[in-house]
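Let's look at how charged side chains pair up here. Keep the structure open while you read.

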Amino acid sequence: MKNHSGACLIAAPLMAALLVPAALAQVGSVAVQPPVAKKVPHETPIHGRTLNDDYFWLREKSNPEVIKYLESENAYTDEVMAPTKSLQENLYKEMLGRIKQTDLSVPTRIGEYFYYSRTEEGKQYPYRCRRKGSMNGTEEILLDLNKLAEGHSFLGLGAFNVSDDGNLLAYSTDTTGYRQYTLHVKDLRTGKTLKEAIERTGSIVWATDDKTLFYTIEDAVSKRSNQFYRHVVGSEENELLYDEKDPLFDLGAGRSLDKKMIFLMSYAKTSREARYLPADNPTGELKIVLPRQEGHEYDVDYYDGLVYITTNKKAKNFRVVTAPIADPSEANWKPFIDHNPAVKIDGLSFFANHLVVSEREGGLDYLRVIDMKTAASHRIATSEPDYTLSLGFNPEFDTTRVRFIYQSMVTPSSTFEYDLNTKQRTLLKQQEVLGGYDPTQYQARRVWAVARDGTKVPISVVSKKGVKLDGKAPLLLTAYGSYGASLSPTFSSGRLSLLDRGVIYALAYIRGGGELGEDWREQGRMMKKMNTFNDFIDCAEYLVKNKYTSSDRLVIQGGSAGGLLVGAVVNMRPDLFKAVVAQVPFVDVMNTMMDATLPLTTSEWIEWGNPNNFEEFEYMIKYSPYDNVKAQKYPAMLVQVSLNDSQVPYWEGTKFAAKIRAMKTDTNPLILKANMGAGHGGSSGRYDALRETAFTYAFVLWQMGLAGAPSTTNTPTLAK
């Protein structure tokens, strides 16, 4: 996802009147006038040219006129969407009706306790609880998130770490959506929250003495996690152990599952560096594993006296080597898992006698189990051709049984317990879908589109059986395609409200993501970023050509860097899409990436490019959505932003919408929805989030011509 925020004041004073008359939009039988942002000239000279930005003033979050403008956009959006109010309510009730509102997670044993979360009907947030000995013990409520949320429109829980002896809980909360967390410590014996209140924390790790905490801190301006501290609970001291000076690097900390080693990782987009400290020696000094090198990405874990290093040296999709903890330099490396160009190693999870390797091959997830005594290995079997598989929460080291999560677009999320020796699996819990959900009434498939350069791009597709592939079906297409992030075909009970109205849903795994390995990622970043956008367009054309849908029924959706995606392609091929949903979209690429004072800009230079370099500037400006808006017809558009977003600031989508509205030559609706009390992920309360989804789906269905279509569960067999 895109990571930016911050505010910048404009030099010229703003006029009091920031709205000017606009062309009327026809909504039903009512003529509604959209707000139009006033133009305030702003020039940025760079590389011998000048970038003009008439809406730069919208960055001034502290200016009441900016808030007034956002509120006017919300009022206009409410008017435009008014005819869909009953649809929104129906969608909300449908989606809510599929959820078991009072529910319990699968309990997890840590030491003497079983930890779990539970929800209650009518409550926005869960309770975090535990019971001693078994689930028959007395319940202890460790955190009541509903109580913590009182007086706030938002609540995010960051860290939640209990000390080894089970007596102290270190947790962090965000009450704005800005993803700025405050560390607290609660004494679980007394129920009292202690005096610690440490701002801007990220990773939090306990030492084995049950009193020493290690944590990372982010810079107040850049939001880059750049410092690592040691703190003894109850003391006034916070000792700085490491300060990361390189603006390309962030910090993250963790602990090996055997609880013996604490690791601090400095990580950039294409390079990493690890340090370690024995967890039973909290006053010791950090030692480096391998000094950073340009292009060297590696992860580390600790098992039975050895460091296990997952490295991309001579192994684009990674290999695993071992080294003694006393000297893990490359000269002491011994091979453990050889490089396989067809298989990307995504992670290692060590248990007492086994290792579970998370792998990706052919765009699918796999879990490989290795017996550390015999070296025998096997993959956990799967049953569907298109699915997602991952390890669950497994905090206990000394075990022969682990949990994994399995799901597909038709199979609800399922938690299994798996015996690493016998290969037996037990279903512990499957997400309940109330209302009689029948997976046999739906069909999921994986198809491959051929991009313009001959590259095959996978697409996951799901629909209700009976939907004919005759070009008449409405289709919602989404993708991401950045940071090497791998998307998967997950289940969504909310999505059934689209499928039951005859909508086909498709997820494209375009280049820039990590679904097909590191080369897939490399082919869609920096000076090859255009492949990401071309792949998406080619996937859309494939779906039209093969009669999954037609252009007048095709809606696209993308969030964050996926918002960059849909913003770029709507400039390139507006004729291909009926409507666009751009959620917290990273669309003001040039202004953001030129401004090193904005949060996290510098660390992004090696994902997108640094426009201060001429060649990179010339490449980036070719696709930057905001800079490529032109006088042409655009599809209908819904742009969603959040006022407290620290990843993609609200002004990016706001400026994008304002510029398109001023330049477009069509009469299609363009609406901006600003969440005035949330951050990058939208509302934090589960009911509030569900209403946001209902709003978005109502817009999608309206544009597909299905605003009046009822949900149905009775349709004929799928046409081949």
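Buried means under 20% relative accessible area, exposed means over 50%, and partly exposed is in between (1.4 Å probe, protein chains only). This is a predicted model, where local features need pLDDT of at least 70 and side-chain atom pairs count only at pLDDT 80 or more, while totals for chains, interfaces and linings use all residues. Residues are numbered from 1 along each chain as its sequence is written, and side-chain values use heavy atoms, leaving out hydrogens and water.

- Side chains of opposite charge can pair when their charged atoms come close.
- A salt bridge is a side-chain nitrogen of Lys or Arg within 4 Å of a carboxyl oxygen of Asp or Glu.
- By that rule, the count is 49 salt bridges.

**A buried pair**
- Asp535 and Arg511 form a salt bridge, with their closest N and O atoms 2.8 Å apart.
- The two sit 24 residues apart, Asp535 in helix 6 (residues 530-545) and Arg511 in the loop between strand 37 (504-508) and helix 5 (518-522); helices (H or I, at least four residues) and strands (E, at least two) are DSSP runs, numbered from the N terminus.
- Both Asp535 and Arg511 are buried.

**A pair within helix 5**
- Glu518 and Arg521 meet in a salt bridge at 3.1 Å, N to O.
- They're separated by about one helical turn because they are three residues apart in helix 5.
- Glu518 is buried at 7% relative accessibility, and Arg521 is buried at 5%.
- Both belong to a network of salt bridges that also links Arg272, Glu297, Asp299, Lys344 and Asp346.
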